[in-house]
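Here is a short report for a reader meeting this structure for the first time. Please keep the sequence and the 3D view at hand.

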Amino acid sequence: MTNGRSETGGTLPAPADDSHERVTTPAGAATSAARPAVGAGSGDVPDATADAGASGGPTDVTTTGTPGETNTSGRTTDAIAPTKTGADTAGATSADTAENNPADPAGKAGADTAVQNRTDTAVQNRADTAVPNRTDTAETASTDTAGKAGGETTGDAADGKAKSDPWAAFGPAPELVPSRPRRAARAVGRVLIHEWTLAALGSLALAVLMTWPTLRYPRYTLPQDHWDPSLQAWQMAWSGHILLANPAQLWQSNTFFPEAWSFAFSDTLLGYAPAGMIGSGPEAAILRYNIMFVLAHALATFGAYALARQLGSGRMGAAVAGVSYAYAPWLLAQAGHLHVLSNGGIPLALAMLARGHGWSLRHGYRPERRHDGWVYAGWFVAAWQLSLGFGVGLPFAYFLGGTVFVAAVTWFVRQTWFWPERRPFGNRLVTANLVGGVLFAGVGLLMAIPYFNVTELHPYAERTVGDIAIFSPPASGFVTAPAESRIWGGLHEGARAALPWHPEMTLLPGFVLYALAAGGLFFSVWKLRQRALLLAGVLVAMVLAMGTRFFGGTFTYVPLFEHLPGWNGLRTPGRLMLWVTLLLGLLAAGAVTALTDRVRELAAQRIPSWPGPWLRLATLLPLLLVTVEGLNTTPHPVVPAQPAAMRLVDGPMLVLPSNQSLDQHVMLWSTTHFQDVVNGGSGFTPRQLDEARRVTQTFPDQTSVEYLRTLGVRNVVLLRDQLAGTPWEFTVDMPVDSLGITREEIGDAVVYRLFAGDASAVPRPQPTQSGQPGLPTDLPTGLPTSLPSGLPTSLPSGLPTSLPTQPAGGPGSTGSR
């Protein structure tokens, strides 16, 4: 190397045209010689010589002088023109010349000039600004310029005038301060490429693909079937409508007239009420349901991903946990039960609570990572999950309560006896847990009160152990897939035929998930004790999911059914498979994370350090297999269209025929005006509705008419396209003059007015709530342009000449009761 220094530590000879004299001294000598000079007259640059002495190498000093002056070598200089000065002091600058010879005006002028030109790196930043000006040319014979400061000054050294450094043009341009729009764009870009943003977008895109064709015709079709989804679409519509119109009447719905607390006859999906506030009518309700159906899958994927990441899993392992949790094959049989699919709040709340407490499965409790904001958010999400229904929320509430108790005891024991240093918890964290726990318990209590009232009014609605036995799956259900599974559905047809009620007994979480979880017992990032706990949780959840099939449930499910409040309302133990799937996903995440870590280690040994295609495939294969196993063949039938009479006839009304399946359509059709209807579908049938169905088998006759009048029913709608095989198929055209009622045809329906001459019985648009978004203000299109035959030729007297203006909760509607 030609760095201007010989192998022995000396310097190379200067070029012939260089008038400098260079003296090479040891570092220690330079330091000792410099200290008196600092005290004498160079106090403005005290750090330069110290740095020079600390360099540990030889020190080269090049000086310039004027006639009659003595340089550092002891010689008298002749007339020397001002030339370039350079100092090779391993971090010092030209100010060293002034230190070594305070009387040297040229050296002091060089130091002053360096200060003026902001190149005095010994005072300001020592070498930062000099780095761009380094050069190694034959003209100056600078002997060691790499990593040293080099200042170049031209001009007259006698008068001290400084001129600009010509080498500054080769330095880097100063970094421009970005403008406010550019800073905002950078911030947005960082958010868009953040892990959680990508995870959320990926979960949403995967949900759209895996649930397709749900969003193909979202206003006309429903996934799985059009019975329970119609009921749940009505639930969202009702909660959104009544919270805007009259929140006090939330639990007194417009169905099951004249029953009280009818909104609590089944799970309510109350947490989706904000979505129910947008739009009105059956098509809006169906669209709303399909959107929430897709979002529920996305939230389940994202929530399980977040939980696995918080517990210490890698990204690929967390992705496997998220996909396996949201698209487990057994969930395909629950495609018509949105309250079961809406489970993403469970892992998301657990992830937030763990994050707020600074705890992870892999690293334990880390107090420095505590954050009370995440604790508040976790309790809020948990309360929202509970508001969606007790079918999934009640086991979650008990699990959360048990987890809080065990965590508190464990923390106290470790703090007292096991931790060598006390680890803080903090008053803010205690306050957040108290406030969040009160919020969660308050939501649960407010949700439970209506159900307790329903139990008191309808004691026959309580479940029995016999009811649980009907829906308890055998052990074979854990390896049997539902018919909707694209991969295993056809292969397991024989196994499903052996199950008494296969929609609730085909509980396969996925063979790939089983394999990955089994591998996670032996090869995982989780500790052995943690794997054992996860396995124990899987086995306990499986035993509980079997209900009374595990030795009669005497020591497992039955004690919970008999002693835990609210547990007797759960008639389908198989839905506890949700917890089995989540725990299996965490075991699988540990195995996949260990695999990806091993692949990373192998890649680090390659040159260059980059994983090959086979290693990449090894990390992606578990995720691909889990995704493929979740593919479905879920049907999407078209929902029956709303009859015109449901838009025109006021309530209270009864729609015939009436049964569990058709009444769920009637509930959906009533979302245009929410008039009171006797019809309704739920987890149980009230005796009042059962009696109404029995008495009206002979409608229209005097007995049924009087009975309906006693109930307060004003109109009966008979649907012609549903009459095949029913008693009304033969009585629909019978004369009714002797019964004191009237009859008319509206589209495909026959409308009977039980109170002749009553203005409320005349077909007219239902009054709308003032300010209600999306409600129609005029008659719907598509109505017949001429009156059908058989209608009276003149309207009865006393009819209003304009539409009424009272709100939707007027006489005869749910809001007035």
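The report covers a helix pair, the salt bridges and some backbone details of a predicted model.

## Two helices side by side

Start with helix 12, residues 345-356, and helix 14, residues 390-418. Their axes come within 11 Å. They cross at roughly 20°. Angles under 35 degrees count as roughly parallel, so helix 12 is roughly parallel to helix 14. The crossing is right-handed.

Which residues make the contact? Helix 12 contributes Ile346, Ala349, Leu350 and Leu353. Helix 14 contributes Val392, Phe396, Phe399 and Leu400. By class, this contact has eight nonpolar residues, with no polar and no charged ones.

## Salt bridges between helices

Side chains of opposite charge can pair when their charged atoms come close. The model has 14 salt bridges. One of them joins Asp372 and Arg428. Their closest N and O atoms are 3.3 Å apart. Asp372 lies in helix 13, residues 372-387, and Arg428 lies in helix 15, residues 427-457. The pair therefore ties together parts that are 56 residues apart in sequence.

Are the two partners buried or exposed? Asp372 has 17% relative accessibility, so it counts as buried. Arg428 is exposed, with a relative accessible area of 61%.

Glu745 belongs to strand 8, residues 742-746. Arg720 sits in the loop between strand 7 (715-719) and helix 27 (728-731). Here the linked parts are 25 residues apart in sequence. Glu745 is partly exposed, at 24% relative accessible area. Arg720 is partly exposed too, at 32% relative accessibility.

Next comes the pair of Arg753 and Glu744. Their side chains form a salt bridge with an N to O distance of 2.1 Å. Arg753 is buried, with a relative accessible area of 15%. Glu744 is buried as well, at 8% relative accessibility.

## A salt-bridge network

Some charged residues link up as a group. Glu195, Arg309 and Arg315 are joined in a network of salt bridges.

Now turn to the backbone. Pro258 is in the loop between helix 7 (228-245) and helix 8 (273-276).

Another cis peptide bond runs from Gly651 to Pro652. Its omega is near 0°. Pro652 is in the loop between helix 23 (645-648) and strand 6 (653-656).

## Positive phi angles

Leu269 is not a glycine, yet it has a positive phi of about 55°. Leu269 lies in the loop between helix 7 and helix 8. That loop also holds Pro258. With 0% relative accessibility, Leu269 counts as buried.

Phe551 is not a glycine either, and its phi is positive, at about 50°. Look for Phe551 in the loop between helix 19 (528-545) and helix 20 (557-563). Is Phe551 buried or exposed? Phe551 is exposed, with a relative accessible area of 71%.

How values were computed
Residues are numbered from 1 along each chain as its sequence is written. This is a predicted model: local features need pLDDT of at least 70, side-chain atom pairs count only at pLDDT 80 or more; totals for chains, interfaces and linings use all residues. Side-chain values use heavy atoms; hydrogens and water are left out. Axes are lines fitted to C-alpha atoms, for helices over the stretch in contact, and angles run from 0 to 180 degrees between N-to-C directions. Helices (H or I, at least four residues) and strands (E, at least two) are DSSP runs, numbered from the N terminus. Angles under 35 degrees count as roughly parallel, over 145 as roughly antiparallel, 65 to 115 as roughly perpendicular and the rest as oblique. A crossing is left-handed if the near helix is turned anticlockwise from the far one by less than a right angle, and right-handed if clockwise. Contact means heavy atoms within 4.5 Å. Ala, Val, Leu, Ile, Met, Phe, Trp, Tyr, Cys and Pro count as nonpolar, Asp, Glu, Lys and Arg as charged, and the others, Gly among them, as polar. A salt bridge is a side-chain nitrogen of Lys or Arg within 4 Å of a carboxyl oxygen of Asp or Glu. Buried means under 20% relative accessible area, exposed over 50%, partly exposed in between (1.4 Å probe, protein chains only).
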